[in-house]
Structure formats: C-alpha cells, structure tokens
Amino acid sequence: MKTFLTHIILLCGVLLAISCGEDRTYEYEQKTQHNSWIHKMMLEHYLWADSIADYEPSWKSFFAKPADFLSELAKQSKHDDKWSYVEIDTLGEDAHKRGYFNHVESYGIDFTLMTDPTGQTTRQMLRVMTVYPGSPADRAGLLRNDFICSFNGNKFSNNNVSKLEKGVARTLEVRHIAENEEDYSLYWKDTVTVSLGHSEYVEDVAFPVSRIVSVNDNLVGYLMCTRLTEGPIEGHVDSHSHYQQSLDAIMAQMKAVGVNEMVLDLRLCNYGTIDMAKRLASYVVSPDALGTTFAQTFWNEVHSNQNKSYPYDTSVGNLGLSRIYILTGQYTQGAAEWLIHALQHSMGEENVILVGSETKGQNVMTSWVWHDFFVTLYPVVAYVADGAGDYEYGSIVPTIELDESAYVELYDYGEPDEILLNTAIRHMLGLIGQDGSGTGKNSDKTSEEEGVE
C-alpha cells in the first residue's frame, strides 16, 4: 500500500509537469528509476526489510543520489547498518577502502598524518604504514615506516594530505628515523628524494606475505591475508587471480614442514566470502572441531529458505594446531571477523589469541542481489553466526591490545621483530602474560637468545 502511494505521488508530480504545458514523464522516470528499483529490492532482500516496510520516502528522496537514498533507507532499520552499499558503474568508487588507500585509483600506500616525531619542528608529515605490492609506491621504492615530508616541494597539512591519495606523478622528500641508544631520543638519519608515478588501479595480493619462523623448538607459520575471496575482482585479472589455489599451496607447505604454531595476520583483511573464510578456518582449527559447524547464516523471513550451516571442510590438510594467534587492526572486518568468532567458539577463546586493535564489528554479510540501470546493490542480507548460532557480536577486542603506530620501528610484515608478530612470538615463549605485560615500547624485539631464526 505504501509503495502504491509513493508511485501515486510521483505520478502526480509528473502530471503537474504535464499540466504546465510540457510532458516530462520520460525525464522523471529516468531520474527516479535507480532509487525506485533500490526501494523495491530493499523491501525484498534486506535483512531488516520488515523495519522499513512502513517507511515511505518523500518524493524528493527518489531524486537523490543512489548512495544517499540507500543510506536514508538503512537509517530506518535502526540496526546501525554501516555495511549496505551501492556501486554505480560510471563512478568507479571503492567499497573496500583502507584509510588513504583505495583499489580503484591510488598510489598504493596507506599512511597517517602526524607532527614531526623527533620534536625538532612542528612540521606535518606522512608516516607510511603499508605499501601495496605492485603499486606505484612499491615501484618507486617506498617502504613501511618511511616518513614523507613534502611533495613537489609542498609541505603537508590537513588541507592537502589527499594529494597523496591519487593524482599525477610526484616528487617526494622522504626521511628515515632512528633512535639514540643512550637516551632513546629520535633523530633523522637521512633524507632522500623519491619519484612517484601517477596513480592507477591497484589490486590486492590476497596473501602478500607467508613465511615459516623457527622459535626455539617450534616452527611458526605466518600468513598475511588482505582479502578472503576465491578469485579476482570482476573485470580485473592479474597474476594473483586464483586466491584459493594460493591459499592451498601455502598451507600445503606449512603442513609439509610440520608447523606447530600459526599466526594469521588479518589486520588488512576487510572483505571476503564465507566460503573462503571457512576454507582458511578449516586449515587452522583444532582437529577435534572438524566435522562440526563453522558458521551459520540467518536471512529475512522471505528468504529464510536460504538459511545455511557451513561445516568445516574435512578435505583440506588440517595443520593439527591446538591454538591460533590472529593479528588484528582497524581494518579487520567482515569475513575476517566471521572467521575469528567461529574459531573462538570451536576452539575456546583462550586458544584464539588476538594481538592488535579492536575490529570493526561486522556480524552480517552483504550480497549482490541484482544489477540494473548501471547500479549494483549490496544490501545486508544475513546474519553470520558461529557454530552455536550466536550472531550477537560486534567489535572484537584483542587478548593483547597494541597500537603499532605507537612504536618507533615498523618492521616489514612477517619480520619476527615486527611488533604485532613479535608480541605473538613472545606470548608463545611465555615472556608475555595474558594481559600483555612485557610489551613496552623498548621491548619490541625478540633477541637471538630467545631462539628466533
């Protein structure tokens, strides 16, 4: 009934235009077709469709941008929906941005804006947190923990920091920091000039770093994951297109050498599928959980026939672990959180040790439901629960909370001295308590005496 009234209102607007002497029916249909279609799809597929069923958008709303119209509908659900989104073919937006990095067009770096850490000036500069493989920044030789002090001779401020998100070629002034061993004061050890090419599409490498570290009598596997999907983003085929095969090959190597501890680095993992999350979890879950349920999904009443249980995959080469370490960060969300929540149920929270910062809190999945009028809609369609059916979880708080940006050195991902990995290793060795004691800013290295190779 409400939808019928909406169309009546729109029709009246059209008739009014006609009565003024000009038939603009086609023009009005063209301008409202995207949002009319979004409204229809949300009423059918949205997880909380019942909460928007009685909401009637104003006729003006149907002329808004599709993203704004979707946001208006989502707000009516009163479920703090931050996850539904819409893509328009002609705009090239990125729904999976990470800070200052986006896939559609960027230099391939993420960074933080900060004041000169040496205290010598009040100058603003950018601290490089991540350099994405194969990106313009990677080709230019930029590294994690570089400090970019200027571009084309211009100093940074809140007003121009976006100039390092995307754009034309830049000339960068880059400095490297060092710490005085006597008084722990900071100083700049060198300054170099870096030529950065223009921005471009930058694809994720799903598993950019994997290695095996020897810690005393243990072999520790380390795997960084940026996305939990089976294949490439549609329309962008690269040499890293078969992500499931990559995962299988990495885990086969881990199993072949007999790793008995595992660290999953999910701090950059902010999207993926439940099937790929299940596959990764099936490798690392304790053997006694095999054959049980990894996760369950719960859809709205109209689509409750799609409710599904996902058992752990017994066909993969389970590593036989009794516990798992997971590194988290400000971008950890979605499939990464489903995996963490599921493992906490299957293995016990005491055996799933999280190191890093609080996750985003996405306990729902979005799904591509249709494509029309150059618009693709990704509404929230289902809760993702653990094996017991619990989906009442939000942001996941780590066992040991650490802010990596508070440390002087940011070693490369996968290096034993990198602070989050180092903390996990120290916990394995019993050098850190469950409360994280022993992770002071000056204890961010694992010494050779502790047996790390």
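Buried here means under 20% relative accessible area, exposed means over 50%, and partly exposed lies in between, using a 1.4 Å probe and the protein chains only. The model before us is predicted, so local features need pLDDT of at least 70 and side-chain atom pairs count only at pLDDT 80 or more, whereas totals for chains, interfaces and linings use all residues. Residues are numbered from 1 along each chain as its sequence is written, and side-chain values use heavy atoms, with hydrogens and water left out.

To remain with the cysteines, what is the closest cysteine sulfur to that of C225? It belongs to C269 and lies 4.0 Å away, too far for a bond. C269 is in no disulfide, a disulfide being a pair of cysteine sulfur atoms within 2.5 Å. C269 is likewise buried, with a relative accessible area of 0%. For the structure, the count of disulfides is 0.

Let me now turn to the overall picture. The protein chain has 9 helices and 19 strands; these are DSSP runs numbered from the N terminus, with helices being H or I of at least four residues and strands being E of at least two. The chain has 453 residues, of which 50% count as buried. Its accessible surface comes to about 20800 Å², and 49% of that belongs to carbon and sulfur atoms; the areas come from the Shrake-Rupley method with a 1.4 Å probe, and for residues only the protein chains shown count as cover. Of the contacts between residues at least 6 apart in sequence, 68% join residues at least 24 apart, where contact means heavy atoms within 4.5 Å.

The helix I would like to examine is α6, residues 243-257. At 1.5 Å a residue, its 15 residues should span 21 Å, and its end C-alpha atoms are 22 Å apart, which agrees. The expected span is 1.5 Å times one less than the number of residues. Which residues of α6 are buried? They are Y243, L247, D248, I250, M251 and M254. Seen down the axis of α6, the buried residues fall within an arc of 165 degrees, so they line one face of the helix; the arc is that of the directions from the helix axis to the C-beta atoms. The face turned away from this buried side carries the exposed residues Q245 and A256. The cover over the buried residues of α6 includes β8 (209-215), β9 (218-224), β10 (261-265) and α7 (274-284). Just after the helix, G258 takes a positive phi of about 80 degrees.

An open sheet of 6 strands runs in the order β8-β9-β10-β13-β14-β19, with mixed pairing; two strands pair if DSSP finds at least two bridges between them. β8 and β19 (400-401) are the edge strands, each pairing on one side only. Within the sheet, β9 and β10 pair in the parallel sense over 5 bridges, and G221 stands opposite M262 in β10.

Finally, consider strand β18, residues 380-386. Here 7 of the 7 residues are buried, so the strand is largely enclosed by the rest of the structure. β18 pairs in the antiparallel sense with β11 (residues 293-299) over 5 bridges, and F298 stands opposite Y383. β18 also pairs in the antiparallel sense with β15 (residues 364-366), over 3 bridges; there V364 stands opposite Y383.
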